Amino acid sequence: DKPEANGRTALYIACQQGHLDIVRFLVDEAQADVEKAMTDGFTPLFIACQEGHLDIVRFLVEEAQADVEKAATGGCTPLIVATGLGHLEIVQFLVTEAQADVSKATTEGHGFTPLYGAAYNGHVQMVKFLLGSGLANGNQTLGDGHNVLPFVCDNKDVEICGRLLVA
């Protein structure tokens, strides 16, 4: 668990590279701390979500009991990372099985939500899932009081704008 200067641990690197067998060993045998964060607050779960490693995300949450709501500096959560990058299967797992909070927003900037990240980055299937789950609110304002729609329509994605308008 001895980190590098930036806080990166062997577990973090194994999660980043997608090596489930090494992740299992480090957690089960070496008792690596799954909540140990880098200096920016990113944990092994964050990097697994960022890199799209669903098998590692599942292991960290289901077996190693990683906290899906643990926020990094600025309030970013693993769900916000996964939605912004378009990792639909990870988002579906975090929302439906791990019960991640889809309304939780970042604490810096505009206060971005998972729905905003998905919509702004043009991830239509993600927007469909979040709105279709009934958990995300298309009319939810950002943390600074602004509505998501103007920011998303700036991106010129007609289908996403339409879905938000009827949400």
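A: A salt bridge is a side-chain nitrogen of Lys or Arg within 4 Å of a carboxyl oxygen of Asp or Glu. The model discussed here is predicted.

Q: How many salt bridges does a search of the whole structure find?

A: The search finds four. One of them joins the side chains of Arg58 and Glu97, with an N to O distance of 3.1 Å. Arg58 is in helix 4 and Glu97 in helix 6, 39 residues apart, so this pair links distant parts of the chain.

Q: Which salt bridge does Arg58 form with Glu62, and how far apart are N and O?

A: The side chains of Glu62 and Arg58 meet at 3.2 Å, N to O. Both residues belong to helix 4 and stand four residues apart, which means that about one helical turn separates them. Arg58, Glu62 and Glu97 are linked in a network of salt bridges.

Q: Where do the two residues of the Glu63 and Arg24 salt bridge lie?

A: Their side chains meet at 3.1 Å, N to O. Glu63 lies in helix 4 (residues 54–63) and Arg24 in helix 2 (residues 20–28), so the pair ties together parts that are 39 residues apart in sequence. Arg24 is partly exposed, with a relative accessibility of 31%.

Q: How many disulfides are there?

A: The test is a pair of cysteine sulfur atoms within 2.5 Å. By that rule the count is zero. For Cys15, the nearest cysteine sulfur is that of Cys49, 9.8 Å away, and Cys15 is in no disulfide. Cys76 is in no disulfide either; the nearest cysteine sulfur to Cys76 is again that of Cys49, at 9.9 Å.

Q: Are Cys15 and Cys76 buried or exposed?

A: Cys15 is buried, with a relative accessible area of 0%. Cys76 counts as buried at 15% relative accessibility, because the cut-off for buried is under 20%.

Q: Where is Thr113, and what is Thr113 in contact with?

A: Thr113 sits in the loop between helix 6 (88–97) and helix 7 (114–120).

Q: Where is Thr43, and what is Thr43 in contact with?

A: Thr43 is in the loop between helix 2 and helix 3 (44–51). Thr43 is buried, with a relative accessible area of 2%. Leaving aside neighbours within four places in sequence, Thr43 is in contact with Tyr12, Val34, Glu35, Lys36, Ala37 and Lys70.

Technical notes. Residues are numbered from 1 along each chain as its sequence is written. This is a predicted model: local features need pLDDT of at least 70, side-chain atom pairs count only at pLDDT 80 or more; totals for chains, interfaces and linings use all residues. Side-chain values use heavy atoms; hydrogens and water are left out. Buried means under 20% relative accessible area, exposed over 50%, partly exposed in between (1.4 Å probe, protein chains only). Contact means heavy atoms within 4.5 Å.
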